[in-house]
Amino acid sequence: MLDYRMETFVTLCRTMNYRRTAEALNITQPAVTQHIKYLEEHYGCRLFSYEKRKLSMTCHARLLLRYAYSQHYQEQKLIENMGAPSGCHFSIGTTKTIGEYVIAGQVERFLAEPANRLSIETDNTLRILELLDEGRIDFALIEGFFDRKLYDHRLYRTEPYIGFCSRQHPFAGRTVALADLWKETIVVREKGSGSRSILERMLLAENHSLYDFHRIISIGNLALLEQLVARSCGITFAYQIAGGQNPLLAEFRVEGWQIERAFHYVFLPHTDAGKSVEIFERFR
């Protein structure tokens with residue numbers, strides 16, 4: 001069980017406000033201050049500071065928060081395992097491409113064991129990492145970028161990242177110059193998406209951005225995004241496994257872009273989550 005002062009600390013890290021922390025925990029604001037002061041004295045370091053009247057976490061606070069997340073996860077798994085029946089029971093977070101196009105067969109084989117249970121959250125990379133930090137999932141399968149200093153990780157697979165357009169589009173089946181892109185409407189995922197982040201980084205390496213396209217359309221729904229591209233509303237970039245399964249879409253490539261990105265298992269360090277990953281991996 002997390003020390004009550006650690007619970008105060010974690011809540012303050014989320015709210016970054018002493019008053020809202022006190023309200024969330026139903027304690028007084030001076031009590032919040034006392035809890036944080038105790039932890040600072042115990043660990044011998046400052047955890048928070050004010051910069052231009054804005055509360056900020058120190059590097060020591062960020063380190064302690066990672067520890068608190070890991071301990072919270074371990075406690076939750078202990079509670080589950082003490083009262084759980086036989087079999088494996090996992091909560092998994094996946095980014096949208098992986099959840100919708102990659103893991104169906106693995107999930108089917110896992111659930112073929114009658115005692116196994118599984119829940120899956122599918123969202124963009126940013127939100128999945130938040131769920132991981134909060135201990136609401138055992139591990140994540142993500143295609144986007146993540147801070148490798150904060151998480152343990154294991155390679156799942158690699159996948160080509162290419163352009164897609166309608167079959168009637170002039171780009172269909174071709175390799176085009178980078179300069180040819182700017183007259184096009186680009187259809188991209190919402191902010192926080194791993195696949196969008198990859199495109200943004202590729203463009204930045206060429207001293208360009210999404211705003212160099214004629215028009216930007218941001219879509220959070222993969223099915224709708226594919227329909228718009230298939231109906232010649234714009235072009236997009238996505239993992240080959242995603243767009244390649246739609247017969248209404250055609251592939252294209254950009255000169256000089258040979259992009260292949262990794263999908264990773266990602267999980268909290270210093271926990272038993274790595275064992276869960278190993279078990280789930282056996283069903284691939």
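Mentor: In this predicted model, the largest cavity holds about 140 Å³ of space. Among the 16 residues that line this cavity, Leu222, Leu225, Thr236, Ala238 and Ala242 are the closest to its centre.

Trainee: What makes a space a cavity and not a pocket?

Mentor: A cavity is a set of points where a 1.4 Å probe fits but cannot get out, whereas a pocket is an open set. The whole structure has two cavities of 30 Å³ or more, and the second largest cavity contains about 50 Å³.

Trainee: Which elements each supply at least two residues of the lining of the largest cavity?

Mentor: They are helix H5 (96-101), helix H9 (222-230), strand S10 (236-239) and helix H10 (240-243). By class, this lining divides into 10 nonpolar, four polar and two charged residues.

Trainee: Which element gives the most to the lining of the second largest cavity?

Mentor: Helix H8 does, with three residues. Strand S8 (185-188), helix H8 (194-205) and S10 each supply at least two residues there. Thr236 and Phe237 are among the lining residues of this second largest cavity.

Trainee: Why is Ser70 called buried?

Mentor: Buried means under 20% relative accessible area. Ser70 has 2% relative accessibility and therefore counts as buried. Ser70 is placed in helix H4, and touches Leu268, Pro269, His270 and Thr271, leaving aside residues up to four places away in sequence.

Trainee: How do you know that Ser70 and Pro269 have atoms within the limit for a polar contact?

Mentor: A polar contact needs a pair of N or O atoms within 3.5 Å. A polar atom of the Ser70 side chain lies 2.8 Å from the backbone oxygen of Pro269, so this distance is within 3.5 Å.

Trainee: Why does Thr11 count as buried?

Mentor: The relative accessibility of Thr11 is 14%, which is under 20%, so Thr11 counts as buried. Thr11 lies in helix H1 and touches Thr21, Ala24 and Leu25, not counting residues up to four places away in sequence.

Trainee: Which element provides the largest share of the lining of the second largest pocket?

Mentor: H7 provides four residues, the largest share. The space in this pocket is about 280 Å³, and its lining has seven nonpolar, no polar and five charged residues.

Conventions. Residues numbered from 1 in each chain as written. Predicted model: local features only at pLDDT ≥ 70, side-chain atom pairs only at ≥ 80, totals over all residues. Heavy atoms only, no water. 1 Å grid on protein atoms, 1.4 Å probe; cavity = no way out; pocket = protein on both sides within 12 Å on 5 of 7 lines; lining within 4 Å. Points joined across faces, edges and corners; volume = space filled by probe spheres on them. Nonpolar A, V, L, I, M, F, W, Y, C, P; charged D, E, K, R; others polar. Buried < 20%, exposed > 50% of the residue type's maximum accessible area, 1.4 Å probe, protein only. Contact = heavy atoms within 4.5 Å. Polar contact = N/O pair within 3.5 Å; in protein donor to acceptor, adjacent residues only side chain to side chain.
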